[in-house]
Structures are given as C-alpha cells and as structure tokens.
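Have the sequence and the model open while reading.

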Amino acid sequence: MEKASFIQIPPTMTGQPTPCKTSKHILIRSPGKTDLRTPKAPETRELLLQMSCLNPSHFAIDVGSTIQERANWSWYEFNNGLSIHDLALPSGNGSESQSQIAWSNEIEPRRNTLSRPTKDKSAQILRQAFTMHLLIVSQYFWPESFRINDLAQEFVKRGHEVTVLTGIPNYPKGKFYSGYNLFSHSEVWQGVNIIRVPIIPRGKANAIRLSLNYLSFMIMGCLLCLLRCPKKFDALFVFQTSPITAGLPAIVLKKIYQVPVYFWVQDLWPETLIALNKVKSKIALGLITKFVKYIYQQCDVILVQSRGFIDSILNHGISRDKIVYLPNWAESLYLKEVESVESPAVHFPEGFNILFAGNLGESQGLETIIEAAELTKDNLQIHWNLLGEGRVKEKLQQQINEKELSQTVHLHAKRPIEEMPAYFKACDTLLVTLQDNFLFRLTIPSKLQCYLASGKPILGALNGESAHILKESGAGLVADAEDPKQLAAAALNMSALSEHKRQEMGELGKVYYQANFSREECLSQLESLLPQTKHSEPCVV
C-alpha cells in the first residue's frame, strides 16, 4: 500500500485544484453532482485538463466499484503523457462506501493505464509497472487463425506474462498441422508460452467427430491442466468460440487456485446448436442449457462480442453487473498501407472482383453467393471470389461445376493472415454473408471489423446487428440474408458506382471502425478489467 495525496474538487468546478507537485499519487474525488464516472462529460474533460497541469508521477480517479462503471473508461490521453489508473477496492468484503474508499489514507493502484501511445516516442505514456500472469484457455490458437492470437501477442508486448492452454492445431481442415502430433506438448510463439493437450482432430466435422473433438479438449484439458499449469496465475481468460465446453478447464483451475475467470463469449450456446439444427432432442438441449448456466455462474466477468448476446446470458440468471461488452477488433496490419507490409502477388480475373474471405462453413450461408452468381453469370465482368477453407468447400465446388459457373466464381486456398491486406486491396469490394436465423441476427462476424478497418466498400447479405452496422456506417450496400436476388442486385449496383464513390464508402467504414472497434481501445478496456500485481516502481516505457 502506498501513501497518496487527495484533492477534493468543488461540485461547481470553480477554481483550480490545489497543486500537489510533490505527490507520487493523487486521487481525485468529487463529492457533489459532478459525475467523474462519465469520461466524455464536459465537466470531466475540464477536470482532467486541470489535473494534467499538476504533473505528479501519476494520479488516479475513482471511477466506481462495479465492473460496468470501470468498463465505461476506455482510454484517455493527456497532452503531457499522463495516464489514468483505476483503484483496487480495499481488502475486506468490498462493502465499503465510495466515500470511505476515496478518503482512506492508503490506496492500492492495481490497474494498468488506459492510454493510447503517442506517435512521438520521446513523449511515451508514463505507465505504472503493474503486470500480471494471464492464463488463456482456448481450444484454438496459433497457428490456427483466431483473434485470440492477436490478444495474447499484444499483452506480451504490454509487459504481461501470457500462457495459453490449447489443443493441437487442426482447424479448419480437420487434421493436425504439419509438425504436430498427439505428443506435441509445449512451445513458445512471439513470447507466448503455449501448452498443448492431446485432442481428437475434427476430421470432416460430422456430428460424431465434432463431438469427440470438443469432448477430448474438455476432458484432457481438465485432467492435464494442473500437471501442465502448476503455478498460480493472476487471472484466467477463456476465449469461447464453439464449444462452450472449452471453458471447463478454466473452472477447474479457478477452484484450485482461487483466481478470477474472464469469459469472452464469441458464440452463444445452446443457441448455436439450435440455429444449425445440430441437436434436436429436448432432453439433450435441457442438459446443455444447465451446463451453460453452470459455466456462466462460475465466471467472474462475462464479456460479449455483440450487445445482442446480453439478453441470452441474462436469461440464464446472470447478473447484469457481470456482463461487459467487448467487441472484436481487427489486427493492426489491416490498418497499414499494403506497401508497408510484405505483399504477395495477387491475381484476380479482369473485371469487377467481389471477395469473400474467411471460414467456408454452414453459418455463412454461402449458397446465397452461388445463387446470386448464377443470376449474374451472363455478366462476365462480375467475379465472385471465395478465399478460405471450411466444411462446405467441396460442396461449393460441386455446385459451381453443376451450374457451370467456373468463369465467374472462383475458389481460392486459405492464405496466411499477413497476406490478407494485399488481397483486400486487390479486390473491388468485400463480401460478408450469414444465414437467416435468430442467432445470426445477434452475431457480429469477426471478419466485419477487418473489412471496415481495411477501408474497402462492403457488400453484405445479412440481418440484425451486422446489417445495422453496415447501414449506420455507410460502408456499403446491404441485402437481406439468404436473398440471392437482392445480393445480385447489390453487386450490380456496386459495380456501377464510380471508383470515387466506392472509395468514399471504404473511408466511411474505416472512420466507423476507429470510433467503435478500435483495437487499442478494446485491448486497453480489457486490460483495465483484469487484476494486476505490482512488480516494480513506476517507469517510462
């Protein structure tokens, strides 16, 4: 615990705060109507500007005790590089009032800064040397391509120790990647410690093989997590795509080590099983629902990638205070100019090229693309390109052959993520599609953030939350999900637009991305929620 000086700000915001230049820590507390828990309020901005002139080593603002209140602060940067810290609650049962917390004689800063680095390296943000040892539990991880790779890599760059408990890479083709087998145990990638447990590969992803794949990670993860993760971590972070069973090893570790679990929901269960018609038995669905409720109840914080997920989680009896909206973001390489990264030679056919990039699965409703392409096949200038792998790729090739669409529909092999910006730049417009059902109206496919960040115009055939984002951003044209006539019409309309108009759409998408899905803001918000341990004195990084 460290001593801190305190400044009381008058409710009217009149007068300057008393300078405290010699203080190592300053805690700001407003006893009046001024709401310091709303970072965008004018009075808050005024206060922060005043405080930035005091030039202490760092200062803290009492932004509330609940998770939701702390999540309201994303990042704030001062002209002179000072940064904001949240405060840990005093030891005890946590029932102390805010005034008692604010006016105690000792405080314990625990959160990392919520700041964006400046471009001028000579004015780097002053950051408190608080780090954590984070264990990520995810069935999928590098070299498989998932957003969790970027999160782990960035947290290492921010000075944290990151370990990942995962399976043996086999997604999406269903067989182990070259160089991996059942005895693959551990490795280090980009400073991330990777611990692997043996699993049954997903094969061709039929119901039996997928079930074995899911269950093998859950069972082997629970059995081996204590053996392979013997030391205590500060926090457990679960990246929950399908299946939700992948979170059980984290619950086991929580029970043993008494550390919090942060659960990032990418797919809703059992809704995913219902939407894809994978489980029809009411008894089985009832058991799965009870399992989902148990997992959610054991979590300390539940993060959701779409606000549309919140009601579903509330229906499991989970308190709203435990739920925080944390959207997906795009990897930083999508924001760079292609010339600044290694760019492969990309060869699309002559004409107007539409690109769908990502998983070729059932959820994407890719039959809509084939049917739309059939409606435009007489226009040989319109080319539909599908880049990626997935369980329906063979079926798509069969449909292309049967409908004689090989001149205008082209399947491309999956490419490394580092090459995607070059493919995005080479196409004329990007394409995102989803099936039309209740679940996918709530979902935001992670490729949408990458599309927006890339600054290219977007065609969408989807409903709900994702359609709303495209319409609100002005980044492209939207057709209803699973409506090939509307999609074909939208493609023709997009191709008829001037290059200037399409470029304008792309720029609007990029602006919208920065305002709503900024990578730095999302990562800093998450970092602020996670518990951290002080390992050294404040330092400049």
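Four bridges join strand β20 (residues 429-433) to β21, and the two strands run parallel; strands count as paired if DSSP finds at least two bridges between them. This is a predicted model, in which local features need pLDDT of at least 70 and side-chain atom pairs count only at pLDDT 80 or more, while totals for chains, interfaces and linings use all residues. Residues are numbered from 1 along each chain as its sequence is written, and side-chain values use heavy atoms, with hydrogens and water left out.

- Right-handed means that, with the strands pointing away from the viewer, the path from the first strand over the helix to the second runs clockwise.
- Leu430 has Ile458 in β21 as its bridge partner.
- Strand β21 (residues 458-461) is covered on both faces: Ile458 and Gly460 are buried on one side, and Leu459 and Ala461 are buried on the other. Buried means under 20% relative accessible area, exposed means over 50%, and partly exposed lies in between (1.4 Å probe, protein chains only).
- In a regular strand the side chains alternate between the two faces of the sheet.
- Strand β21 also pairs with β22 in the parallel sense, over four bridges.
- Ile458 stands opposite Gly476 in β22.
- From β21 the chain crosses through helix α14 (residues 464-473) to β22, and this β-α-β crossover is right-handed.

**The chain as a whole**

- The protein chain has 17 helices and 24 strands. Helices (H or I, at least four residues) and strands (E, at least two) are DSSP runs, numbered from the N terminus.
- Of its 541 residues, 56% count as buried.
- Among contacts between residues at least 6 apart in sequence, 74% join residues at least 24 apart. A contact means heavy atoms within 4.5 Å.
- The chain exposes about 23400 Å², of which carbon and sulfur atoms supply 52%. Accessible areas come from the Shrake-Rupley method with a 1.4 Å probe, and for residues only the protein chains shown count as cover.

**Cis peptide bonds**

- The peptide bond from Ser242 to Pro243 is cis, with omega near 10°. Pro243 sits in the loop between β13 (235-240) and α6 (248-257).
- A cis peptide bond also leads from Trp269 to Pro270, with omega near 0°. The loop between β14 (261-265) and α7 (271-275) holds Pro270.

**Positive phi outside glycine**

- Gln258, a residue other than glycine, has a positive phi near 55°. It lies in the loop between α6 and β14 and is exposed, with a relative accessible area of 62%.
- Glu482, likewise a residue other than glycine, has a positive phi near 60°. Its place is the loop between β22 (476-479) and α15 (484-496), and at 43% relative accessibility Glu482 is partly exposed.

- Ile200 belongs to the loop between β12 (192-196) and α5 (207-228).
- Ile200 counts as partly exposed because its relative accessibility is 34%.
- Leaving aside residues up to four places away in sequence, Ile200 touches Arg209, Leu212, Asn213 and Ser216.
- Ile200 and Leu210 are 10 residues apart in sequence, and their C-alpha atoms are 8.9 Å apart in space.
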